[in-house]
Amino acid sequence: MTLDSPMRINPMIRHRASHIGRAVPRREDRSSLMGRQRYIADLKLPGMLEVSFVRSTEPHARIVSIDTGPALALPGVHAVFTGADLADVELFPQKILYIQPVHQPALAVDRVRYVGSPYAAVVATDRYVAEDAATLVATHTEFDPLPTVADLDQALADDAPRLFDDWPDNYLVNFPADKPEVRKAFEEADHTFSDTYVSQRQTGLPLECRGVLADEVDGEFTIWTSTQSPHIVRTTIAEMTGIPEPRIRVIVPAMGGGFGTKTHIYPEDVVMPWIARKLGRPVRWLEDRFENLVSAVHARDQRHDVDVAYDDDGTIRAIRCKAYCDVGSGEIFMPGTATVFVTGGVLTGGYDFRNMEVHHFCVVTNKTPSGAYRGFGTPEGMFVMERIIDRVAHLTGTDRVEIRRRMILQEEQMPYIMHGGGRVDSGSHAKGFERAVEMIGESLERVRARYADDPDVRVGVGYTNYVEPTTPTYHLTTGHWAGYDSATLRVDPDGAVRVGLGTTALGQGTETTAAQLAADALGVDPDDVTVVMGDTDRAPYGLGAWGSRSAIVMSGSILMAADRVMTKAQEIAAHMLEAAADDIVLTDGRFHVAGSDTPTVTWSQVATAAWVRTVDLPQGLEPGLEMSGYFEPPELEHLPGMDGKVNAAASWSNGAHAGVVSVRVSTGEIKIEDYVVVHDCGTMINPMIIDGQVHGGVAQGIAGAMFEHFQYDPETARPLFASFMEYLYPTCSDVPMMTVEHFETPSPDQPLGVKGCGEGGTIGPAAVVAGAVDDALSDLGVEIKATPVTPSAIRKAIREAADGGGER
Amino acid sequence: MMDTNPGLREVDVSVSINGTQVSHRVPARLLLSDFIRDVVGLTGTHVGCEHGYCGACTVIVDGDAIRSCSTLAAQIDGSAIRTVEDLATDGELTPMQQAFHENHAMQCGFCTAGFLMTLESVDPDGYQEKEQVIDLLSGNLCRCTGYHNIFNAVCSTWGVDS
């Protein structure tokens with residue numbers, strides 16, 4: 001925390017109307033509507049060659065030999081590189097101390113550990129020829145298959161094949177726990193139960209796949225890549241290749257979505273500049289959808305073995321959760337190890353519950369490496385918590401709303417320290433839940449009436465109350481000790497403002513919201529603000545866009561930089577107005593002496609003096625009107641304290657979701673009839689954009705709750721998907737229209753009271769859908785314990801409940 | 001491989017694209033999406049899955065919306081193609097484009113062209129019921145918006161009671 005972190009707009013700036021809080025239409029739209037956005041696939045350079053990566057067709061094997069001859073003989077092929085050519089280029093900076101070391105070469109050498117692992121790269125005149133040649137390399141590669149590990153059970157078996165020979169087992173992370181107060185509660189409680197809750201493997205799947213265009217001229221590299229963290233890509237490339245960092249420029253073109261999957265440093269980010277240097281030509285690689293499905297990070301593949309102690313009155317006394325994340329082969333930086341810690345830390349959601357014992361395990365298997373995906377462990381955890389609450393309600397005959405009312409966080413408890421140290425700074429948990437209950441109650445009646453005459457259809461309702469940690473530390477995920485981001489503000493001689501940001505845009509409207517912030521922070525119109533980001537030469541160093549962090553870090557850094565610009569501008573204006581700087585205020589874009597409307601000077605006059613008419617500056621004042629702010633959010637911690645607790649997120653948004661489903665018993669067909677969200681992300685910068693984030697988040701949450709599943713053959717560890725045909729990406733018919741309402745409880749700690757909103761929508765649906773299906777089928781004794789909740793899963797649950805004689 | 005691959009044989013493709021006549025000699029295996037993007041240079045048509053599922057590459061050929069990623073350029077010789085670049089006139093957005101903007105019916109923008117071309121290809125008179133609009137939109141994937149605001153944009157433009 002810096003001492004001058006500004007929390008609000010400078011009081012010396014007065015507006016007719018504030019731009020923050022308004023649904024300002026997006027400035028990004030026009031180019032997309034007209035087909036004029038430039039994505040990575042739209043960029044070409046003269047003399048450019050195209051690259052196709054050769055990917056393992058084996059889940060686990062030694063590479064015996066690669067014959068590149070036939071590929072090289074193909075007309076149009078310029079080069080074929082294999083792992084051996086880049087053996088000295090590692091991908092995985094050894095920064096994270098709590099995990100087993102993963103030594104991953106940029107291209108696999110000698111051994112592959114998942115289908116999709118890149119082990120060679122072909123360079124050709126165009127993508128068609130490159131893919132022909134890649135096929136020839138693949139068919140001329142001899143593998144010696146090794147025993148495979150397809151899931152957690154196989155990976156943890158006593159005689160399990162090991163993925164990494166220098167490890168004692170397949171644990172990438174192995175953190176058991178033991179809490180005496182939890183053990184005590186299990187001894188004292190009236191009852192206990194144990195169960196297992198599973199969330200399936202799925203991922204972000206932005207509609208735009210990844211891509212890299214790399215060029216090297218006189219030792220200076222330019223790398224266009226579809227990443228959420230351009231500066232970190234640059235730093236990592238420098239570290240891994242020895243290229244001096246100032247000679248690397250990373251540019252992010254327009255991005256067709258990211259959702260976390262594009263925060264990682266992928267092999268292609270490092271290999272492509274290496275090839276460009278080797279060949280002295282610009283080279284481009286565009287990922288196809290099959291590659292994307294098997295080689296961009298997966299997520300959510302977690303199992304939770306749970307013991308619960310509870311009393312007759314429905315009081316939950318203690319929860320023990322052994323959380324296992326199947327991280328695939330683990331061969332990616334940043335590694336997929338952090339999500340399970342988030343699950344453990346936030347599993348209790350918007351509830352006052354601290355007697356938790358969480359064991360964290362990350363286990364490697366012969367599947368695609370897992371990593372970041374919107375929600376980042378939180379949807380998995382909320383599914384577990386709401387399943388537990390519904391189960392206890394059922395076992396004790398407690399009303400499902402009532403049991404939640406007893407547990408939900410109250411305003412007077414703020415700040416509330418969660419069991420793992422998460423510091424919920426504020427929120428509307430209780431009133432948000434009440435509002436959601438009220439809203440869904442009305443539609444529940446309507447839907448029940450609609451199906452009253454159809455005995456095959458059952459109707460149910462489900463609830464969740466979550467917290468959304470935002471603006472997290474980078475340390476847990478990457479080993480970098482930082483959580484800040486940056487802004488540089490320059491007022492040009494015409495009085496217009498240029499904002500450079502360390503964060504970046506992937507479709508979330510950052511340019512529009514940054515312009516709103518800067519406009520208010522400098523007392524100008526948003527139309528007079530230009531925002532640049534996603535270019536390491538044009539924007540200040542920053543950590544990028546992930547973890548719902550842009551709102552907080554942008555607000556803080558823009559306010560800091562604006563304060564510094566304003567202080568200097570006041571000095572210049574004071575000199576021009578022959579007054580004292582402390583007396584200078586800015587009203588609707590004009591500087592004047594407080595209490596006197598005239599005379600005035602404009603931003604343009606001040607900036608002109610600063611840049612091109614320095615004779616007008618006060619004696620001794622440095623020319624220029626450009627200032628930066630590097631904002632490290634207060635309250636954010638990077639490492640657990642002696643008590644093992646850490647507040648790994650700067651702020652905590654909250655939300656209540658509730659949904660009504662209908663289930664057709666004969667077919668298992670499930671339909672979300674209504675879905676309501678009561679959302680609170682603190683001060684809203686642009687409510688229209690926030691609603692959009694919620695809609696999209698809920699849709700992705702529904703995708704995980706009901707549809708998407710990366711399935712692998714348990715015998716062979718081979719993927720059973722190769723296209724969208726086998727992976728049920730929801731369409732407009734699958735996602736319900738939803739009602740979104742907001743409370744606005746400002747963060748007391750963060751600038752402007754902003755909290756962040758990128759991920760909350762995804763957190764609720766799995767918990768809500770499972771709860772609603774259970775409720776609908778309660779008379780059949782059905783209990784959902786895993787996602788996705790598909791028609792076949794429902795039919796199976798109905799059959800098992802009938803066979804099991806109503807276990808619950 | 002070179003000699004045996006009929007896809008490498010070259011064919012002449014002459015089409016009208018957004019009202020301009022173009023003729024190119026291209027490999028027989030060249031996809032229409034690549035023809036439009038790389039040969040003609042209109043990059044507003046996006047490629048999201050390359051297997052005909054996501055609809056991002058939708059263009060209008062002789063009045064019908066088709067998936068340009070699973071069509072060969074050679075197949076549409078002699079046709080008239082319209083792409084997203086043909087919608088706005090002299091920078092003035094169509095009512096549907098304007099509605100997408102006003103309803104925040106786009107975030108990353110990658111799917112937008114495909115949705116707009118699907119919508120452009122139909123007669124709104126056949127889509128005056130909410131369910132008809134949902135069915136129509138279900139041929140295109142969007143990952144950002146949850147379809148919520150796309151649906152609203154279409155309903156507001158076509159006067160459908162949402």
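Strands β23 (residues 584-587) and β24 (residues 590-593) of chain A run antiparallel and are joined by 4 bridges; helices (H or I, at least four residues) and strands (E, at least two) are DSSP runs numbered from the N terminus, and two strands pair if DSSP finds at least two bridges between them. The model is predicted: local features need pLDDT of at least 70, side-chain atom pairs count only at pLDDT 80 or more, and totals for chains, interfaces and linings use all residues. Residues are numbered from 1 along each chain as its sequence is written, while chains are lettered from A and ligands numbered from 1 in the order in which they are written.

Chain A is assigned domain 1 (13-36 + 484-631), domain 2 (40-146 + 209-255 + 262-295) and domain 3 (302-475 + 637-803), the bounds coming from an automatic or database domain assignment. Between domain 1 and domain 2 of chain A, the C-alpha centres lie 39 Å apart. The contact involves 15 residues of domain 1 of chain A and 13 residues of domain 2 of chain A, two residues being in contact if their C-beta atoms, placed from the backbone, lie within 7 Å. On the domain 1 side there are 6 nonpolar, 7 polar and 2 charged residues. Here Ala, Val, Leu, Ile, Met, Phe, Trp, Tyr, Cys and Pro count as nonpolar, Asp, Glu, Lys and Arg as charged, and the others, Gly among them, as polar.

Chain B is divided into domain 1 (6-86) and domain 2 (95-158), with 22 Å between their C-alpha centres. Their contact takes 15 residues from domain 1 and 12 residues from domain 2 of chain B. On the domain 1 side, β3 (58-61) and β4 (64-67) of chain B each supply at least two residues, and β3(B) gives the most, with 3 residues. This side comprises 7 nonpolar, 7 polar and 1 charged residues.

Between the chains, 44 residues of chain B are in contact with 46 residues of chain A. Helices α2 (95-102), α3 (112-120), α4 (130-137) and α5 (148-158) of chain B are the elements that give two or more residues to the chain B side. The largest share, 4 residues, comes from α2(B). By class, the chain B side has 22 nonpolar, 16 polar and 6 charged residues.
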